[in-house]
Amino acid sequence: MSDCLFCRIVAGEVPATVVAETERTVAFRDVAPQAPTHVLVVPRDHHAHAAACAAPDPGLLADLLVAAADVARAEGLEGGYRLLTNTGPDAGQTVHHLHVHVLGGRALGALG
Ligand code: 5GP
Ligand code: ZN
């Protein structure tokens, strides 16, 4: 999708600080980090959010979680970290290409 920001990052058309890549995923630093480590893990294929990916390609959701765990290990987040994926307007999803936030490097507090 040429008008999708994260498709354009995956394609290398928009610059990003890429920290890891697999056959099916790309991980890059969030431009506005909410924690000392804030990485986004996205599929190369376009899906609007996790629910839209679940039926056509459930294995891709597993690939994203494995890639996120690898990022967390590489970032040294032994103390723990949070994986988050927003779905839809009430969750505040702003980029409509499935992404998993990897947040860590400080105590994150309870979800409110
Ligand atoms: P959402 O709110 O949709 O779950 O998260 C979207 C995330 O994408 C936000 O944390 C935001 O800071 C990040 N973001 C938005 N535009 C860009 C960009 O151009 N580059 C990078 N690396 N991150 C972005
Ligand atoms: Zn996309």
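1. L60 sits in helix α3 (residues 58–74); helices here are DSSP runs of H or I of at least four residues and strands are runs of E of at least two, numbered from the N terminus. A quick caveat: this is a predicted model, where local features need pLDDT of at least 70, side-chain atom pairs count only at pLDDT 80 or more, and totals for chains, interfaces and linings use all residues. Residues are numbered from 1 along each chain as its sequence is written, chains are lettered from A and ligands numbered from 1 in the order written, and side-chain values use heavy atoms, with hydrogens and water left out.

2. L60 counts as buried because its relative accessibility is 0% (buried is under 20% relative accessible area, exposed over 50%, partly exposed in between, with a 1.4 Å probe and protein chains only). Beyond its neighbours within four places in sequence, L60 contacts R24, P43, H47 and C53, a contact being heavy atoms within 4.5 Å. R24 is 36 residues away along the chain, with 7.6 Å between the C-alpha atoms.

3. Now the zinc ion (ligand 2): its protein donors are C4 (SG), C7 (SG), H46 (ND1) and H97 (ND1), at 2.0 to 2.3 Å. Donors are N, O and S atoms within 2.8 Å of the metal (3.2 Å for Na, K and Ca); water is not among the atoms, so sites may look incomplete. The site is tetrahedral, with angles of 106 to 116° among its 4 donor atoms; for four donors that label needs all angles between 85 and 135 degrees.

4. Along the chain, the zinc donors are spaced C-x2-C-x38-H-x50-H. H46 is in the loop between β3 (37–43) and α2, and H97 in the loop between β4 (81–84) and β5 (100–104), so the pair ties together parts 51 residues apart in sequence.

Note on methods
Tetrahedral: all angles 85-135°; square planar, octahedral: opposite > 155°, others 65-115°.
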